[in-house]
Amino acid sequence: MKATVLALLIGLLLVAPAHADTASGGGDVHVAQTLGDRELTVTLRRVTGVPGPLHVDVLTHAGSPAGTLRLSITGPGSAEGAAVALGSRPGSYGGDLRVDAAGRWELAIDDGQRVARIPFVVSAQPVSPPEQAVYLGFLVTGVGLAATLAVATRSRRAWWAMIPAGGAIAGVAVAITGAVLSTSLPLPPQPGTQVDADGINTTEPYRLAQPLTGDYSRQPANLSLSPTSVATHQASTFTLALTDGATGRPVDDLMVHDSALMHLIVIGPSGQLWHLHPIRVTPGVFQFPLTMPVAGHYAVAAEIARTGGGVQLVRSTVGIDASGDSVGTKQDSPADVHVTAPEFVAGQPGTIVAHVGTTADLQPWLGMLGHLLAVGPLGPGGAQAAPVWVHAHSMGGDMTGMAMAAGSMGGLMPVNGDSAPDETVAAYGPDVAFTYTFPLPGDYQAWIQVERNYRVETIPLTVHVDAAPAAKQGKHDVTARLVDTGTAELDVTPSAGATVSVQAVMPTTGYATGQIPAVATDTGKFRVTGLPLMMPGQWEIVTTVRDQSGVDEHVSPVTVTG
């Protein structure tokens, strides 16, 4: 009997340990800040444990003056401070702070004249219930093994040892089951993005507390701007106040969206563009500096994202009027930039391509390879009266644009808490593509923005959009299906004399390709290859069929896996 017990113990000891492995949430947070005459990107590196270090990188751009910034954090734990000395050359400069508690924190950046306050959330390392079962199982196993050894060596009746041995076996079973379940258990709602951060969900992420998701019925924000009248050539500081449309209270639930709490677009009377990132000075109150070069009216709009409320473009109803002398400030494209644009038709997608330089030396700015801003159709009221304001990105969300431009997805998409490449990586381009559907015909003033050599370059262009021709609705039956990644086969009836094109759309990210022609392979059979379906999820294959009977558009939902 003793030999049997010893054999059982050896078998238990030889069982391979089960490792709990749930995906870790969170990652680096990048926040653009227009702090005085400096355009900065502040990166809060991921805190891997509490208490633990918080490394803050401050990236400067070309033309940013040298100086010293004072960093400090306040929150549920001890306050910390550090100084960051900025050099005269653009690049990344860092400082270290220490956080000793989970919860809502605030990073203050002081340049000696003004203070930017960036809220951020530090969450406790989540330990899921299955992981807790793993630890409990191994604890029971260890206790059971010790008890089995003691009973087997001291008891005259060896079969008594089978009782703690059974407990050890049960502990192993619980641990293995927990390890298997932990690999598939979804992460809890992320504080600060999916739910408002509070003392419960930041310290006990898996605790069931209400609400489990953000308030998706959250009211839009109202924007007030002051001052609204200034003199030209005079440095002015403008204040933006955001209030909730329902309560009138200051809006202090902004999420970091495209690497900024707020994207401010200012368009001057001569077609000048300013893309700024105001600093948060108090809850719901932001400030930005600007010197008006020419007299006239300046239109102002802010793009924000509230927790659970989605992205909002909030336009100032008054804008800014500048009076005084004018000095021309024409924005010219760099000499080595070439832009091609299709013949846009209202309601139909088209792709603008900027060829920047000759090498792949572009840096991601605001988490994207490039940005397209546009206003129109322009009429007597200029940008202030333009019904359409556009802020689009190269190809799609996050690092997708860079992956498409680089021709490979390898290593670019952040997973398991890793972070996407920051602005210190110059390895993308030289082609930057933007697909957009202008809803109304007319002339649009547009700008493309990219970064290289730590300099944000602005490329102005004018886009003309033709009115959509009136067409009879055709009568076709269309079936679309994916047969391989990036390849779709289509059945079209009737097909005589028909031309077929396909567009891929991912509604959840706002990504859409341009129209890709399909090739006829047989009667009623068409095939299209090269669909850039760069991420798994729910997609739509939009098929357009044109012939003498008219135009048909059919939407076929498809799921991309792997």
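This is a predicted model: local features need pLDDT of at least 70, side-chain atom pairs count only at pLDDT 80 or more; totals for chains, interfaces and linings use all residues.
**Notebook: salt bridges, sheets and a surface patch**

**Entry 1: K525 and its partner**

I looked up what K525 pairs with. K525 forms a salt bridge with D491, and the closest N and O atoms are 2.9 Å apart. K525 belongs to strand 33 (residues 525-528) and D491 to strand 28 (residues 487-493), so this pair links distant parts of the chain, 34 residues apart. I then followed the shared partners: salt bridges join R481, E489, D491, K525 and R527 into one network.

**Entry 2: the whole protein**

I stepped back for the totals. The protein has five helices and 35 strands. Of its 562 residues, 46% count as buried. I also checked how far apart in sequence the contacts reach. Among contacts with a separation of 6 or more, 65% come from residues 24 or more positions apart. I noted 15 salt bridges in the structure.

Strand 4 and strand 5 pair in the antiparallel sense over seven bridges. A hairpin of five residues joins strand 4 to strand 5. G67 has L86 of strand 5 as its bridge partner. On the strand 7 side, five bridges join strand 4 (residues 67-74) to strand 7 (residues 103-110), and the two run antiparallel. There S72 has A108 as its bridge partner.

S64 lies in the loop between strand 3 (52-60) and strand 4. Is S64 buried or exposed? S64 counts as buried, at 8% relative accessibility. I set aside the neighbours within four places in sequence and found S64 in contact with R38, L40 and S88.

**Entry 3: two further salt bridges**

I looked for charged pairs around strand 7. E106 forms a salt bridge with R280, the closest N and O atoms being 2.9 Å apart. E106 lies in strand 7 and R280 in strand 14 (residues 279-282), so the pair ties together parts 174 residues apart in sequence. I checked the cover on the arginine: R280 is at 5% relative accessibility and counts as buried, because buried means under 20%.

The other pair I looked up was D111 with R114. Their salt bridge has its closest N and O atoms 2.6 Å apart.

I sorted the residues of strand 11 by cover. Strand 11 (residues 236-244) has a covered face made of S236, F238, L240, L242 and D244. Its uncovered face holds T237, T239, A241 and T243.

Which strands did I find paired with strand 11? Strand 9 (residues 221-226) pairs with strand 11 in the antiparallel sense over six bridges. Strand 15 (residues 285-290) is also joined to strand 11 by six bridges and runs antiparallel to it. I noted one residue pair for each. S226 has T239 of strand 11 as its bridge partner, and T237 stands opposite P289 in strand 15.

**Entry 4: a nonpolar patch**

Last, I looked at the surface. L136, L139, V140 and V143 form a nonpolar patch there, with about 360 Å² of accessible area together. I took L139 as the example. L139 sits in helix 2 (residues 129-154). With a relative accessible area of 54%, L139 is exposed, since exposed means over 50%.

Note on methods. Residues are numbered from 1 along each chain as its sequence is written. Side-chain values use heavy atoms; hydrogens and water are left out. Two strands pair if DSSP finds at least two bridges between them. Helices (H or I, at least four residues) and strands (E, at least two) are DSSP runs, numbered from the N terminus. A salt bridge is a side-chain nitrogen of Lys or Arg within 4 Å of a carboxyl oxygen of Asp or Glu. Buried means under 20% relative accessible area, exposed over 50%, partly exposed in between (1.4 Å probe, protein chains only). Patches are made of residues with over 30% relative accessible area and no salt bridge: like charges are joined within 9 Å, nonpolar side chains (Val, Leu, Ile, Met, Phe, Trp, Tyr) within 5 Å. Accessible areas come from the Shrake-Rupley method with a 1.4 Å probe; for residues, only the protein chains shown count as cover. Contact means heavy atoms within 4.5 Å.
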